[in-house]
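Subject: Handover of a structure

Dear colleague,

Please find the structure below, together with its sequence. I would ask you to keep both open while you read the notes that come after them.

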Amino acid sequence: MLTLSGKSHGKFCDGVSRRDFMRIGGLAMGGMSLPELLKAEAEAKAGRSFKSVIMIYMCGAPPHQDMYDLKMDAPLEIRGPYKPIKTAVPGIHISEHAPRLAKIMDKLVPIRSMYGSPNGAHDSFICYTGKAPPPNGGGAPTGRLSDPPSFGSVISKLNGQADPAIPAFVGLAPKAGHPPYGSPGHPGYCGNTHSAFRPNGTGVEDLQLNGITLDRLEDRRSLLDGFDNFRRELDSSGLVSSMDAFNQQALNVLTSSKLLTALDLSKETVKTRERYGKGDPKNYGDGAPLNLEHFLLARRLVEAGARVVTLNFGRWDFHDNNYPQLLRHLPLFDQGMSALVEDLHERGLDKDVAVVAWGEFGRTPIVNKDGGRDHWPRVGGALLAGGGLRTGQVIGATDKLGGEPTERPVHFGEVFATLYKHMGIDTVKTTLNDLTGRPQYLTDSWQPMPELI
């Protein structure tokens, strides 16, 4: 473990050996964390020269018929009790329980005709890759090196870090009772070097700093000076340049205040924190928390330099009591998503940062005997924003029951191709080699959506 003294900083050692260096918390980018109480100086603002994506995984699949695609002419057992409301775009109506999103519909794109899930099995894999899960479950707790990589890992490999102190790919998903719900997206054949940095995931203990007490945390300036001195000595020793990429990335993150600052919500004004809200930080069932602070953290991370941030939100698998459960989930999602989109626009990041929110499939048109909607892989919904996309439009439509796409079916792969284009990657020409050395296309044959670009 890394040991730092207080105000008096002597040299850490006469010469830093690789063995000593590896004591710095294991340096595991796939499961790093940082001291929760450590606060750093505010990062100086600078112009952006990179693009980012925030992916919001709505665990368990939300009921599209009760959110973006209400069917008021259908029988009661299909349409449900909720009413549509007008939005900022004439002709577009969404649920009455998403009034904040309705007010900013000119900045959004609801997709009502998502398809691509091969079956009704819960798996976050398609939401992070655009591809059907491999046999035996691509959303396994640790993933497999033979699997196709997640979007974040691909971007980490192809685009690298925009800032050496900020991981290219950050996953805010905490563990969940159903492991695929807690996945941030796995690296697959991109390799573990391109795993998500998880500030609240596994391996938290590995980066706790030995010898740092609460009293000594009060002198944060001297602590940061200690990091700076340590970094300078490593640079002068030549060790950093000789390290492998995995460890060098970890060192860059560990010895800079930028990531600490990005993760410190106390740097935000009270007004901004109240705008996003807190939600519920405890896991919801075997799913994810309804944690609204993750939306704010995502914005802070992409603003600081992260290229891809993933987060999971709630547990939308409403096999019973669909309507009461939706009344807990949808208003919170409405608050977090609208705050994020508005914040990105106000900060001038709306063209640089794209946002997508979706689940792995849709829900059955007919409400079952327990008042719930079951799995329905034939069609679902999604919500896009930012990225310089053509917003203020609805894409796709379903039949009168909300069970089959009737206009412009949209495959997950098409959305991913659009997001890759936003990141400056040509999916027609770009491939990655799998473990056998065979080149694999990022989105199979899917291409960017012309409606959005």
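This is a predicted model: local features need pLDDT of at least 70, side-chain atom pairs count only at pLDDT 80 or more; totals for chains, interfaces and linings use all residues.

Residues are numbered from 1 along each chain as its sequence is written, and side-chain values use heavy atoms, with hydrogens and water left out.

The chain as a whole

The chain has 453 residues, of which 56% count as buried. Buried means under 20% relative accessible area, exposed means over 50%, and partly exposed lies in between (1.4 Å probe, protein chains only). The secondary structure comes to 14 helices and 17 strands; these are DSSP runs numbered from the N terminus, with helices (H or I) of at least four residues and strands (E) of at least two. The accessible surface of the chain is about 18,400 Å², and 51% of this belongs to carbon and sulfur atoms. Such areas come from the Shrake-Rupley method with a 1.4 Å probe; for residues, only the protein chains shown count as cover. Among contacts with a separation of 6 or more, 76% are between residues 24 or more positions apart, where contact means heavy atoms within 4.5 Å.

The nonpolar cores

In soluble globular proteins, nonpolar side chains tend to be buried together. A nonpolar core is here a set of buried Ala, Val, Leu, Ile, Met, Phe, Trp, Tyr and Cys residues joined through side-chain atoms within 4.5 Å. The largest one holds 57 residues, and those touching the most other members are Ile54, Ile56, Leu101, Phe295, Phe313, Phe333 and Met337. Elements that give two or more residues to this core include strand 1 (52–57), helix 12 (293–304), helix 13 (322–346) and strand 9 (353–358). Helix 13 provides the largest share, 10 residues.

What does Ile56 touch, not counting residues up to four places away in sequence? Its partners include Phe295, Phe313, Phe333, Met337, Val355 and Trp358. Apart from this core lies another, of 40 residues, among them Tyr128, Tyr181, Ile395 and Tyr420.

Salt bridges

Side chains of opposite charge can pair when their charged atoms come close. A salt bridge is counted when a side-chain nitrogen of Lys or Arg lies within 4 Å of a carboxyl oxygen of Asp or Glu, and the count comes to 27.

Glu268 pairs with Arg347, with 3.6 Å between the closest N and O atoms. This pair links distant parts of the chain, 79 residues apart: Glu268 is in the loop between helix 10 and helix 11 (270–276), and Arg347 is in the loop between helix 13 and strand 9. Glu268 is buried, at 7% relative accessible area, whereas Arg347 is partly exposed, at 32%.

Arg299 forms a salt bridge with Asp343, the closest N and O atoms being 3.0 Å apart. Arg299 belongs to helix 12 and Asp343 to helix 13, so the pair ties together parts that are 44 residues apart in sequence. Both residues are buried. These two pairs belong to a network of salt bridges that links Glu268, Arg299, Arg300, Glu303, Asp343 and Arg347.

Aromatic pairs

Rings of Phe, Tyr and Trp (its six-membered ring) pair if their centres lie within 6.5 Å; planes under 30 degrees apart count as stacked, over 60 as edge-to-face and the rest as tilted. The structure holds 11 such pairs. The rings of Phe151 and Tyr420 have centres 4.6 Å apart and planes at 45 degrees, so the pair is tilted. Phe151 lies in helix 5 (residues 151–159) and Tyr420 in helix 14 (residues 412–422), so this pair ties together parts 269 residues apart in sequence. Both Phe151 and Tyr420 are buried. Ring pairs also link Phe151, Trp358, Phe412, Phe416 and Tyr420 into a cluster.

A buried polar residue

Asn312 is found in strand 8 and is buried, with a relative accessible area of 1%. A polar atom of the Asn312 side chain lies 2.8 Å from the backbone oxygen of Tyr181. Among the residues that Asn312 touches, not counting those up to four places away in sequence, are Tyr57, Cys59, Gly182 and Pro289.

Yours sincerely

Conventions. A polar contact is a pair of N or O atoms within 3.5 Å; within protein, one must be able to donate a hydrogen and the other to accept it, and residues adjacent in sequence count only if both atoms are side-chain atoms.
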